[in-house]
Amino acid sequence: MSIEIKNVTKIYGLQKALNEVSFTVNQGEILGFLGPNGAGKSTLMKIISCYIPPTEGTVIVDGYDVREDSLEIRKRVGYLPEHNPLYLDMYVKEYLTFIAGIHKLNKKKEKLSNVIDLVGLGLEQNKKIGQLSKGYKQRVGLAQALIHDPKVLILDEPTSGLDPNQLADIREVIKNIGKEKTVMFSSHIMQEIEAICDRIVIINRGKLIVDKDALQMMNSNSSQQIVQVEFEKIVSKTELKSIKGVEKVKQLEGNSWQLISTKPEDLRVEISKFASSKGILVLSLQKETQKLENIFKELTN
Ligand code: ADP
Ligand code: MG
């Protein structure tokens, strides 16, 4: 079940919150949707889950158009809004039963207990929502989004405001859910997108600026290669500079070196050739990937 976003523009009054955004979320993918505050992330997620219509353009979810088949789409999409609105005076089970009723589900009891297991709410299921910690409230929000077993999940900053332990727990839950569903997940935290997602889309001021496979993105934005190598014995700087493609050499500690090249050929191959021609053993050899965080800063500034 895929999501096709085609030339979507959203105008609020005089402000263009989205400006001709197009990309596709593929079946079974966990897509990280990144952008600074005010970029338009929540706006697009509301459009996909049929809360607001686009001003121009279309979104197709599993073959249905958000403008024409909103009910069909709502059956297939689970949506966790930003700030996770919940009825704090309701009990967890009571609230989830209420949501199951809205979806007109049959076998409510069975579905409730499945979803409670899935998000790890077992011990808290008989409490009032208002009594739960932030991390467990977030699980209630996730359960709400999952109860009708949607094929697509739209999660708007699901981890914001959680402490490090809660964060790790919720990420684990999302990763597991992502094995079976198409997930679109927004965040302004790069590290977490790196940790969970298969693909990344970045928007800034309503415009799409990056749509790439996460790993490909981390490597392609850099014009230079940085390789760290540790040899088994002493090698001179002059010798290292003689390696094809090497432009800079820096000693790290002991027999570890950092070598930099701006040539397209894989520097690790040349280093290996050099070492074997000299009869030196290589203890470790690693190419550095550019950090997503730096790429993000560069692109959105
Ligand atoms: P993000 O989720 O990336 O932080 P939003 O989609 O919430 O961004 O907002 C994008 C821009 O649209 C912001 O400048 C925001 O102030 C504006 N905006 C969002 N919702 C409304 C609204 N209902 N009316 C007017 N402006 C809005
Ligand atoms: Mg938002």
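Author: A polar contact is a pair of N or O atoms within 3.5 Å, and within protein one must be able to donate a hydrogen and the other to accept it, while residues adjacent in sequence count only if both atoms are side-chain atoms. This is a predicted model, in which local features need pLDDT of at least 70 and side-chain atom pairs count only at pLDDT 80 or more, whereas totals for chains, interfaces and linings use all residues. Residues are numbered from 1 along each chain, chains are lettered from A and ligands numbered from 1 as written, and side-chain values use heavy atoms, without hydrogens and water.

Reader: What makes Gly40 a polar contact of ligand 1?

Author: A polar backbone atom of Gly40 is 2.9 Å from an oxygen atom of ligand 1, and that lies within the 3.5 Å limit. Polar side-chain atoms also approach ligand 1 oxygen atoms, that of Ser42 at 2.8 Å and that of Thr43 at 2.5 Å.

Reader: How do you know that Ser42 and Glu82 coordinate the magnesium ion?

Author: Donors are N, O and S atoms within 2.8 Å of the metal (3.2 Å for Na, K and Ca), and sites may look incomplete, since water is not among the atoms. Ser42 (OG) and Glu82 (OE) lie at 2.0 to 2.6 Å from the magnesium ion, ligand 2, and therefore count as donors.

Reader: Why is Ser42 called buried, and Glu82 partly exposed?

Author: Buried means under 20% relative accessible area, exposed over 50%, and partly exposed in between (1.4 Å probe, protein chains only). Ser42 has 15% relative accessibility and so counts as buried, whereas Glu82, at 27%, is therefore partly exposed.
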